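Hello,

Below is the structure I am handing over to you. My notes on what was found in it follow.

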Amino acid sequence: MDIIIWLFAAISLTWFMSYTRASLSSYSLSFAALMALGSLFNIIGIVSWLLFAVIALPLNIDNIRQQFISMPLLAIFKKIMPQMSSTEQEAIDAGTTWFDADLFRGNPDWKKLHNYPRPRLSTQEHAFIDGPVEQICAMVNDWHITHEIADLPPEIWQFLKENKFFALIIKKQYGGLEFSAYAQSRILQKLTGVSSVLASTVGVPNSLGPGELLQEYGTKAQQDYYLPRLASGEEIPCFALTSPEAGSDAGSIPDFGIICHGQFDGKDVLGMKLTWDKRYITLAPIATVLGLAFKLQDPDKIISEQQDLGITCALIPTNLPGITIGRRHFPLNVPFQNGPTQGSEVFVPLDFIIGGADMAGQGWRMLVECLSVGRAITLPSNSAGGVKTVALATGAYSRIRRQFKMPIGKMEGIEEPLARIGANAYLMDAVTTMSTGAIDLGEKPSVISAIAKYHLTEKMRSSMIDAMDIHGGKGICMGPNNYLARGYQGAPIAVTVEGANILTRSMIIYGQGAIRCHPYVLAELEAANNSDNEQALNDFDHALFGHIGFSISNIGRSLWCSLTGSRFLGSPYNDETRRYYQLLTRFSANLAMLSDIAMLSLGADLKRKERISARLGDILSNLYLASATLKRYNDEGRKTADFPFVQYAVEDCLYEMQHAIDELISNFPNKIIAKCLRAIIFPLGTWLNKPSDEIAHKVSELLQTPGSSRTRLGQGQYLTRDGCNIFGRLEQVLEDIINCEPIYEKVCHALNKKLPFYQLNKVAELGLTNNIISNEEAELLTNAELGRQWVIAVDDFKSDELTASIPAL
């Protein structure tokens with residue numbers, strides 16, 4: 001019996017030390033103490049001590065461990081390590097990790113998450129949103145923009161320039177507004193609610209473009225000249241990266257520049273002869289200054305011993321000879337200014353390189369560092385703003401529109417997609433707030449930006465499909481009063497640009513996350529590439545044994561969570577969210593374990609197993625989305641009225657994580673390992689379900705009922721009730737319909753007759769004739785009927801109004 005007790009103690013100690021991620025030396029000393037206790041009770045003999053010494057001493061003596069274990073493993077690691085291109089290396093080096101690293105490592109600190117400050121607008125930022133942003137929203141007629149002139153009208157262009165909408169990120173010393181990332185997000189959310197053309201036009205110059213590149217890397221002369229002109233709108237910028245032959249594989253752009261001497265402004269200068277062919281470039285047709293990415297070559301070794309200097313970024317005035325610009329692409333009936341640009345042997349001075357000649361060949365690093373910020377702001381914010389507005393509009397429509405003698409929003413078939421829209425709106429706003437808050441704290445979150453871009457644009461697309469399904473014929477008939485069609489048509493644009501979503505999911509999210517967020521992998525890679533053999537061995541030895549302990553810990557954590565249902569894990573709150581924190585911690589541990597096992601068993605092949613990479617990325621992504629949702633709930637005071645939004649969003653994320661793990665295990669190449677993984681993670685099978693019908697019903701009700709929760713969901717959107725704003729008018733009609741329902745019931749009750757809930761003006765006449773209602777009540781019924789008729793109406797046209805006007809040649 002004594003030996004059984006001692007073995008149980010040994011297993012318990014091993015599990016406890018691995019679970020708490022104790023160091024190798026701490027574990028060895030603790031186990032030695034247990035051995036000594038065993039000897040005291042005559043359980044452990046000399047053979048056991050010899051066996052312990054044979055294992056423990058080599059592991060704990062640095063020279064022996066490095067010579068006989070780490071050195072051979074380092075040699076093997078160098079052989080199996082996946083080859084990494086320079087562009088991949090620069091992408092990995094760019095940006096920073098933040099809470100995504102905590103989620104990746106298996107033990108997120110939830111108190112740390114909630115201690116991050118909630119982003120807030122400054123007085124100036126508030127005034128800008130309540131002033132110029134509100135004004136330009138009132139000026140916009142999206143039908144006129146998208147159908148009649150295929151552009152923003154001149155007065156809106158002028159307003160954007162005068163009010164520095166293109167200078168949100170430019171510092172005040174250069175005449176810009178120098179707003180926070182959070183303020184940029186709130187501005188774009190409001191703009192996209194009225195016009196995606198407007199939001200795209202404002203978003204791009206404040207995202208990846210010359211302004212940001214100049215501020216981060218430009219010479220003082222470049223900053224002093226260009227930034228004030230960009231801030232005032234005197235210069236319109238664009239940035240050209242994508243080529244016909246290099247879309248997602250942007251690092252392989254064929255566009256090139258050759259260093260040589262030439263004439264510029266009548267002077268003989270050292271410069272570059274540039275040739276390029278770019279497409280999909282937003283603002284290119286109207287740009288006055290072109291940010292250009294190209295591969296710089298120095299065949300005569302004028303400035304370097306290298307002939308191929310690498311990707312370089314330069315600023316090129318678009319009026320130079322040899323530049324072709326001005327034609328337009330037509331992206332899915334959302335006609336923001338976008339088009340191709342070409343240049344043939346355009347000679348410019350070398351100091352046109354952003355940052356000067358010293359930054360030659362540094363363009364890819366510049367781009368990926370800036371993209372790690374911009375990609376977390378523009379497209380996620382545009383997507384979130386669009387879905388927030390659509391959520392309110394669809395909720396209102398579902399309550400106003402009746403079929404089968406009831407509001408369609410009361411039908412369970414409508415409740416299902418309506419709940420998805422509402423939960424997405426809550427989650428997406430939470431993600432943009434948390435992500436931009438990280439940027440304002442000084443982070444450049446490359447992994448988070450990829451997560452936000454991919455998942456928010458995908459949720460926007462699915463939400464637009466759901467909204468279109470609910471609206472039915474109202475949604476498909478285009479016209480001035482259709483507030484869905486352009487967003488529905490243009491959804492694939494956001495999915496495609498700034499890194500196609502298929503690429504982002506299958507390669508970028510986990511590809512960057514595994515290396516950047518893992519506590520040891522990057523150190524192992526750097527050690528393997530270190531030419532100093534002694535330093536490489538020391539670094540690799542430290543990382544390797546840290547990695548081994550980390551892996552063992554995550555296996556122990558995952559198994560413990562499975563056996564206990566995660567119910568003994570800590571949580572920052574003991575309310576209805578407690579279970580969510582426990583399950584998220586569990587899936588975090590599962591992700592850490594799965595990552596290590598995938599890397600160990602697949603090695604370099606993991607880079608090519610894109611489905612495995614994508615599913616691991618899905619786990620990390622949904623951990624982040626759920627974390628942002630819980631943070632929003634906490635930051636807003638844990639208002640229980642909003643909890644159905646949280647329930648639906650978080651439970652959907654949990655279900656998606658379970659689904660991703662289940663699919664990963666089912667398709668894991670090594671079937672023996674797959675069975676072991678399933679035994680550890682799902683010993684009793686999968687158990688989480690999608691959000692329940694009851695939760696969906698609650699979310700649907702919130703969207704259809706004016707109140708504080710619904711107001712918070714649409715906070716910041718353009719809902720002004722000026723008579724011209726479709727969304728403001730929808731809100732008014734919703735209130736009128738709800739307020740007139742008791743009056744309608746009173747008339748029906750008095751007449752002992754169930755009247756149809758349409759032609760409410762006639763109900764008003766009956767009520768007045770029979771002295772059942774007051775004049776004010778009759779007026780409300782009449783106004784509600786006018787509003788109801790407007791909501792359900794669709795636009796129609798004469799045939800010649802739908803014919804494109806083709807100018808004579």
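Arg638 lies over the face of Tyr573, 3.7 Å from the ring centre. A charge sits over a ring here if NZ of Lys or CZ of Arg is within 6 Å of the ring centre and within 35 degrees of the ring normal. The charged end of Arg632 is likewise placed over a ring, that of Tyr426, at 4.0 Å from its centre.

Please note that this is a predicted model, in which local features need pLDDT of at least 70 and side-chain atom pairs count only at pLDDT 80 or more, while totals for chains, interfaces and linings use all residues. Residues are numbered from 1 along each chain as its sequence is written, and side-chain values use heavy atoms, with hydrogens and water left out.

Tyr573 also belongs to an aromatic cluster, together with Trp98, Phe99, Trp110, Tyr116 and Tyr581. The whole structure has 21 aromatic pairs (rings of Phe, Tyr and Trp, the latter by its six-membered ring, with centres within 6.5 Å; stacked if the planes are under 30 degrees apart, edge-to-face if over 60, tilted for the rest). One of them joins Trp560 and Phe568: the pair is tilted, with 6.2 Å centre to centre and 35° between the planes. Trp560 is partly exposed at 29% relative accessibility, and Phe568 is exposed at 65% (buried is under 20% relative accessible area, exposed over 50%, partly exposed in between, with a 1.4 Å probe and protein chains only).

As for disulfides (two cysteine sulfur atoms within 2.5 Å), the search of the whole structure found zero. Cys561 is in no disulfide, and the nearest cysteine sulfur, that of Cys676, is 18 Å away. Cys561 is buried, at 2% relative accessible area.

Regards
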